[in-house]
Amino acid sequence: QVQLVESGGGLVQPGGSLRLSCAASGSFLGINIIKWYRQAPGKQRELVADIDRSGRTNYAESTKGRFTLSRDNAKNTVYLQMNNLKPEDTAVYYCNAVISTTQPMGTILTDYWGQGTQVTVSS
């Protein structure tokens with residue numbers, strides 16, 4: 001019933017900007033921590049940034065000063081603003097969220113993944 005949908009990817013030139021969105025839909029109690037991962041061809045998936053319920057953020061060293069993560073709890077959406085993009089940022093970006101839902105025996109936390117959105121930085 002719960003689904004994560006990423007959007008906002010595309011093709012940009014080096015130095016350009018993109019804003020990725022991750023929206024949660026379905027029946028759930030709340031979204032806890034949300035993480036953005038990325039995976040480039042031939043490489044392992046790596047953590048880009050994460051944000052908790054209070055808005056506290058963490059960033060990979062390669063993205064600090066360029067990427068900004070924020071969330072809108074009312075819209076169940078998290079945004080990843082990416083500025084000064086570099087070719088090395090090219091990857092499929094995935095949204096990952098821990099979401100609480102109500103089950104017959106009580107509340108349960110479940111890890112969800114979006115389908116990914118392609119970001120290509122090239123001249």
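**Close-up 1. K64 and E61 form a salt bridge, their closest N and O atoms lying 2.7 Å apart.** A salt bridge here is a side-chain nitrogen of Lys or Arg within 4 Å of a carboxyl oxygen of Asp or Glu. K64 is partly exposed at 46% relative accessibility, while E61 is exposed at 62%. Exposed means over 50% relative accessible area, buried means under 20%, and partly exposed falls in between (1.4 Å probe, protein chains only). This is a predicted model, in which local features need pLDDT of at least 70 and side-chain atom pairs count only at pLDDT 80 or more, whereas totals for chains, interfaces and linings use all residues. Residues are numbered from 1 along each chain as its sequence is written, and side-chain values use heavy atoms, with hydrogens and water left out.

**Close-up 2. R38 and D89 meet through their side chains in a salt bridge of 2.9 Å, N to O.** These partners come from distant parts of the chain, 51 residues apart: R38 sits in strand 4 (residues 30-39), and D89 in the loop between strand 8 (77-82) and strand 9 (91-103). Strands are DSSP runs (E, at least two residues), numbered from the N terminus. R38 is buried, with 6% relative accessibility, and D89 is buried too, at 1%.

**Close-up 3. D89 also forms a salt bridge with R66, with 2.7 Å between the closest N and O atoms.** R66 lies in the loop between strand 6 (57-59) and strand 7 (67-72), so its pairing with D89 ties together parts 23 residues apart in sequence. R66 is buried at 9% relative accessible area.

**Close-up 4. A network of salt bridges links R38, E46, R66 and D89.** By the rule used here, the count is five salt bridges.

Key: Helices (H or I, at least four residues) and strands (E, at least two) are DSSP runs, numbered from the N terminus.
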